[in-house]
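Dear colleague,

I am passing on the structure below, and after it I set out what came from going through the coordinates. Please read the notes with the structure open beside them.

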Protein chains: 4
Amino acid sequence: MKTIGIVTSGGDAPGMNAAIRAVTRLAHSKGFQVYGFEKGWEGLLTNTYRVLTPRSVGGIIQLGGTILRTSRCLEFAKKEGKKKAAKALAKDKIEGLVVVGGNGSMKGAYELSKEASTLMVGVPATIDNDVYGTDETIGFDTAANTAVAEIDKIRDTAISHERIFIVEVMGRTRGFLASTVGLTVGAEIILIPEVPCNKQAIIKTLKESAKKGKKSSIIVAAEGIGDTRKLAKELEEKTGSEVRLSILGYAQRGGSPTARSRLLANLFANHAVQLLARGQGNRIVGLRNGKITSIELEKSCAQEKPLDLNLLKLANVLAT
Amino acid sequence: MKTIGIVTSGGDAPGMNAAIRAVTRLAHSKGFQVYGFEKGWEGLLTNTYRVLTPRSVGGIIQLGGTILRTSRCLEFAKKEGKKKAAKALAKDKIEGLVVVGGNGSMKGAYELSKEASTLMVGVPATIDNDVYGTDETIGFDTAANTAVAEIDKIRDTAISHERIFIVEVMGRTRGFLASTVGLTVGAEIILIPEVPCNKQAIIKTLKESAKKGKKSSIIVAAEGIGDTRKLAKELEEKTGSEVRLSILGYAQRGGSPTARSRLLANLFANHAVQLLARGQGNRIVGLRNGKITSIELEKSCAQEKPLDLNLLKLANVLAT
Amino acid sequence: MKTIGIVTSGGDAPGMNAAIRAVTRLAHSKGFQVYGFEKGWEGLLTNTYRVLTPRSVGGIIQLGGTILRTSRCLEFAKKEGKKKAAKALAKDKIEGLVVVGGNGSMKGAYELSKEASTLMVGVPATIDNDVYGTDETIGFDTAANTAVAEIDKIRDTAISHERIFIVEVMGRTRGFLASTVGLTVGAEIILIPEVPCNKQAIIKTLKESAKKGKKSSIIVAAEGIGDTRKLAKELEEKTGSEVRLSILGYAQRGGSPTARSRLLANLFANHAVQLLARGQGNRIVGLRNGKITSIELEKSCAQEKPLDLNLLKLANVLAT
Amino acid sequence: MKTIGIVTSGGDAPGMNAAIRAVTRLAHSKGFQVYGFEKGWEGLLTNTYRVLTPRSVGGIIQLGGTILRTSRCLEFAKKEGKKKAAKALAKDKIEGLVVVGGNGSMKGAYELSKEASTLMVGVPATIDNDVYGTDETIGFDTAANTAVAEIDKIRDTAISHERIFIVEVMGRTRGFLASTVGLTVGAEIILIPEVPCNKQAIIKTLKESAKKGKKSSIIVAAEGIGDTRKLAKELEEKTGSEVRLSILGYAQRGGSPTARSRLLANLFANHAVQLLARGQGNRIVGLRNGKITSIELEKSCAQEKPLDLNLLKLANVLAT
């Protein structure tokens, strides 16, 4: 292997730059050249890349976002797009491609692998933590801590005003972020798409909390549960208490990565480069049962990552 | 003077606890007893207070919110409410009352002063910074830093995706917070209620920024300018670029106060207790031209604090 | 089981309060009463405790330190001390005792188990991460992030001045904290007690870094490696460059726990209470291979936790 | 005026980059070209600079350190050094030079102004806040907040262990940083070089604090007071309590600047460029009585900035 490429695709996640740095330096230590494609799949379609060197990726380990930038690329979504990308890879003699991104990016890498002879290795990086094959994705821990820090602040004002707060966190269609955040801020109620939202039960819990002497309540809601604005109004009417809504926005996607997100970026990158050096591809690296390992891209794309509902049950008891 | 009261009213602000601690300890050093009324004006109406001692206010200087809690009290808004509060003050022999809060609280204190013989001293604490008579309020600096830290994170993802972001910050009907935050995050555009929103000009600026090579833009908008959701849609249509909206919510009202918010809390409390010790009341303390001073409550309530538009002009040049 | 006790012992760690809250609420959900012994083992010797209830542990999940306080207790270190503690447990009819702390506390719990009929369950909480039987301890992730954030700041000034910095982190006699921190800040060199310090190699690396164009270098050193002051002087003499030393102190032991430290606190507490409810004791809970599990206290105390030197090797390549 | 230079000199301070960005963009808006000299005065001696443009200073407002880097330059300290620098300025046709730095840098600018016809404007930026002519320097607020955040964490462990902590903060020979930090963390004792250290009084205060029920104490000491290590030992012997020392190091000099440090950077830069545009030089800009203004460099260099001891007196009362 002489040349590998790297691309960050889909929504950005803190730690992507740490992964770019690690892939570049580890690849160089094995004698590979590294091309960084710009703006996600778009960079493959337009064959826009820059050569990455150990020096050019210095000073980025602590930066949020991705120096290669990213995009959601409509053209790549079509079959012709993937063929065009495959041609670019062949023309540039890219023997291995490290794809850093979430669920959609892994699917893209898998589809592309059918058109290209380049070995694909997926590195899961998304704050949604919804990639099958890894217990945790790069960026998830950072987003969780950002949300926790914000909600700790919101609780100050919730307690001072004795109010109920609904705090909407990201996570797209899944409840991984909301579960971890809700449990670790000590939320009274956690709402996720994986569990049907029972308004009667919510109202009952809020009333019981009030009876127990809790003067304020925090409801952590995943964005995937639907319209939180409507929910806030409904709860206000039904409980007679002041209900406020706070939507934690895009800040969850940025910021300097935590130690853990950086660590995963380094470890995943290491495994990815090792796979390529061994001539293995079409796999996705991940953390499983505390170990860095990999599974087939195809398998990852075929399955939905299960969410452990025990966290929610534990949170319920702990909120008493 | 033997006994003074303290009350935190209206929206909470980081540094209120530092003010409670400072008023209590300074008052005790002069031999006064201190009653802390709970839940804002409501505590006066129901005569609910706790005796505050130097020990009981230990360990709170760094906490957001207010240990006395606060509320918006409808009954107090009426004349009878104020008479009832005045009676409670007379009954409890409260000779001085320190009112910690924003614009509305200062107006409440002024109105109450007409009904009560208790000396009122206002301590301006609000993230909105909209109290006439002080260049800065307790909590403003903390809220500004919270917003700046969030927007620094949002810029990571704005740059990675080459998107336009509208970030809505608090400030009620005024643009103090938005001006300072916009200038210090290097926002391309700042929108405040004091300046009419010219959509043509916004679109022109965004297009010029793009031409200059700026791949992303941050628009900081005060909540007082109206519906930012609508604005986001309109800009997306007119510019053809992706526009995202992030509403920085109640976290701006909480969190550990900054050094500066704590400093102002200490200095304001010191001046407030000194006024009361000298038998002076119906004044509001503040920072003017770098000095701690006070003006009449009546004067503060009669005027609207002017906003320095030079900050905006400077921001405009700096965003080039 | 009717009554359990909880004690925090040894050095404090962020997340101890989250563990106290979780143990208390989970135990109550099973119908147990909870006594919180104060000031570590000293509280057992003096039989000083407070009854903990679900309400009394509210609002502490986000606080650093331990509301039960802690101490290093000389009397308990002796056999008579342990007998006295055992008597107190018998007198109070404490059937289970949750011991939250580090290596030393686990050894104390094990020794105490020989004297007392109370079931002991250890919950590993220490920033040193040096407890055998768990891949990670409560507080470790928080300390790592505190150190990383500080070193990110130090790198600003290191780069501006083109200096070499030695940053000493905690970890007592072990290098767990230094390894993770060094890898995730991108340190040029990591020094830990588990690997003999080769000054020639350090100087060679620094000179090579300079040749490669690196204008500044960060050396992360575990406190266990010896006198960093002397090392700084020596490196300054031998390299001819400015060398600065920064000792990250006790702040690493405090601060609001990260999401991960809170999560481990909740999960460990859950497992600990489940063990006691099942009548099992003299075990220590932990995270092994991504799962919450437990091993015998005796086994944990008999062995030294191995440190994965692969992290260091990876860091070496990544620092190129 | 056609060309101005900018140099950052001496110790770095958070907000220097915000000042570089603001000077560059404001100068460009007036049609000036901007040269950024590298590595402090050394860049003038070696005539090493880069042309700064509005685009090249993008994305730096939030970064600690200085992109121009800085140094302490021995050659410049001599008269011949200044003559050499003056020649470089003449050769490059630099009509105005903005010098961003602390006390020493202002003295350097003043001495250089005697040799060069270039108009000098000083922009005070140092965490020490020791520049005569301004109530606050760029970077001071950031350093204060960094120290406050660290000490808030240290208090967690101080309370948990019921220990006395000495925390050494920076500030070189002066006590500005220690005073503000000590007051705003609620330190029991503040030690600064401007007030002779009375060990008897310290011990008395510590014993009184203990009697009042305070279980832990924080002593904030300026680095300028002398050997804190020795002090810690002495206090431990004399009080019989555990005394721990934490030296907050170079992290105080780095990190992302606070809103206030960025604001001052923008306002100072604005005033500096306005002075040069008006053909005025040999002045230092600053904040005095809440207004941005300037005084003569000579005057600033001739006087020592007074420290307000009232802050210490207030802190003493508040620590009761």
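Before anything else, please keep in mind that this is a predicted model, so that local features are reported only where pLDDT is at least 70.

I begin with a single chain. Chain A contains 12 helices and 11 strands, and its radius of gyration is 21 Å, close to the 20 Å that the globule rule gives for 320 residues, so chain A is as compact as a globular protein of that length.

The domain assignment divides chain A into domain 1, made of 3-139 + 257-302, and domain 2, which covers 142-253. The centres of these two domains of chain A, taken over C-alpha atoms, are separated by 34 Å. Where the domains meet, 13 residues of domain 1 of chain A are in contact with 11 residues of domain 2 of chain A, and the side contributed by domain 1 consists, by class, of 4 nonpolar, 6 polar and 3 charged residues.

Next come the contacts between chains. Between chain A and chain B, 26 residues of chain A are in contact with 26 residues of chain B. On the side of chain A that touches chain B, helix 6 (140-161) and strand 9 (243-247) of chain A each supply at least two residues, and the largest share, 8 residues, comes from helix 6 of chain A. By class, this side of chain A divides into 6 nonpolar, 12 polar and 8 charged residues.

How are the two copies in this pair related? Chain A can be laid on chain B with an RMSD of 0.0 Å by a turn of 180° and a shift of 0.0 Å along the axis, and the two copies are thus related as by a two-fold rotation axis. Moreover, 100% of the interface residues of chain A are also interface residues in chain B, so these copies meet through the same surface.

The contact between chain C and chain D takes 26 residues from chain C and 26 residues from chain D. The elements of chain C that give two or more residues to the side touching chain D are helix 6 (140-161) and strand 9 (243-247), with helix 6 of chain C giving the most, namely 8 residues; by class, that side of chain C has 6 nonpolar, 12 polar and 8 charged residues. Chain C is superposed on chain D, with an RMSD of 0.0 Å, by a rotation of 180° with 0.0 Å of shift along its axis, and the same surface serves both copies, in that 100% of the contact residues of chain C recur in chain D.

Two other pairings show no contact. Chain B and chain C are not joined by any contact, and their closest C-alpha atoms lie 11 Å apart; likewise chain A and chain D do not touch, their nearest C-alpha atoms being 11 Å apart.

Most residues other than glycine have a negative phi. B:N47, however, has a positive phi of about 50° although it is not a glycine, and B:N47 is found in the loop between helix 2 (41-45) and strand 3 (49-52) of chain B. With 15 C-beta neighbours inside 10 Å, B:N47 counts as partly exposed. C:E162 likewise has a positive phi, near 50°, in a residue other than glycine, and C:E162 is located in the loop between helix 6 and strand 6 (164-169) of chain C. C:E162 is partly exposed, with 17 other C-beta atoms within 10 Å.

With kind regards

Key: Residues numbered from 1 in each chain as written. Chains lettered and ligands numbered in written order. Predicted model: local features only at pLDDT ≥ 70, side-chain atom pairs only at ≥ 80, totals over all residues. Contact = placed C-beta atoms within 7 Å. Helix = DSSP H or I, 4+ residues; strand = E, 2+ residues; numbered from the N terminus. Nonpolar A, V, L, I, M, F, W, Y, C, P; charged D, E, K, R; others polar. Least-squares fit on C-alpha atoms with pLDDT ≥ 70 in both. Domains from an automatic or database assignment. Rg over C-alpha atoms; globule rule 2.2 N^0.38 Å. Buried ≥ 20, exposed ≤ 12 C-beta atoms within 10 Å, placed from the backbone.
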